[in-house]
Amino acid sequence: MRATRRAYWAFTLIAFAAWLCRSVAFVSTLVRPMPSFRVCSQSMMRLRASAVVEAAESTFHAIFSNDKRPVVLYDGICNMCNRAVDVAIEKDSGGNRLRFAALQSDVGRQLLVFCGRAPDDLSSMIVVKPDGTCLVQSDAALYVGGELEGSALLQGASQVAQALLPKSVRDVAYDALAANRYSVLGQRAQTRLGEEGLEDRFVSL
């Protein structure tokens, strides 16, 4: 309720600022139109950006208010990525370690903004932790592997790679695979919304 109230006042402020800028722009046409218009435009852009960030922060707090499991953001139309999600769900059969959301979903777009990225950025999977930490690229992939207690092989391999390989090397390999992910197993027409019995594993607004 408090987050909704903050969002309401943020958008109310934007509406008031828009009216004020139009009024100032009209009056300024009689004196110095262009500088005043540019100032208003810049102010509006800052206000919009502030409102977007505040909405993203509200989403983050709502997602983690009663559930501290990290959220894994993945490319929802990538078949290889969806297969990796299936493996993660299978190896975390109790559902105690991870939750999932497609990058293209409303949750995914809001959390991308929370992590300081563009809302349409599909370049990397991301793990969002309840303390606000955002892991990307190989750090995200290896974190997920390290959480899979149902697979000693995946968990061990992830921990060894994290410890022994420099992040720069790991990220080069990750980026190469990510850039070619659609050519590996293709892509689907739409993102999954979760399956029966797995509703608790997929995050939605």
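Which helix gives the most to the lining of the largest pocket?

1. The structure is a predicted model, in which local features need pLDDT of at least 70 and side-chain atom pairs count only at pLDDT 80 or more, while totals for chains, interfaces and linings use all residues. Residues are numbered from 1 along each chain as its sequence is written, and side-chain values use heavy atoms, with hydrogens and water left out.

2. Helix 3 gives the most to the lining of the largest pocket, namely six residues. Helices (H or I, at least four residues) and strands (E, at least two) are DSSP runs, numbered from the N terminus. Strand 1 (71-74), helix 3 (79-91), helix 5 (137-146), helix 6 and helix 7 (167-179) each supply at least two lining residues.

3. The largest pocket holds about 730 Å³ of space. Its lining has 30 residues, and Ala84, Met125, Ala141, Tyr174 and Leu177 are the closest to its centre. A pocket is an open set of points on a 1 Å grid over the protein atoms alone, where a 1.4 Å probe fits, with protein on both sides within 12 Å along at least five of seven lines; lining residues have an atom within 4 Å of a point. A volume is the space filled by probe spheres set on the points, which are joined across faces, edges and corners.

4. Leu164 is found in helix 6 (residues 152-164). Leu164 counts as exposed because its relative accessibility is 66%, where exposed means over 50%, buried under 20% and partly exposed in between (1.4 Å probe, protein chains only).

5. In the second largest pocket, the space is about 210 Å³. Among its 14 lining residues, Ser105, Arg192, Leu193, Val203 and Ser204 are the closest to its centre.
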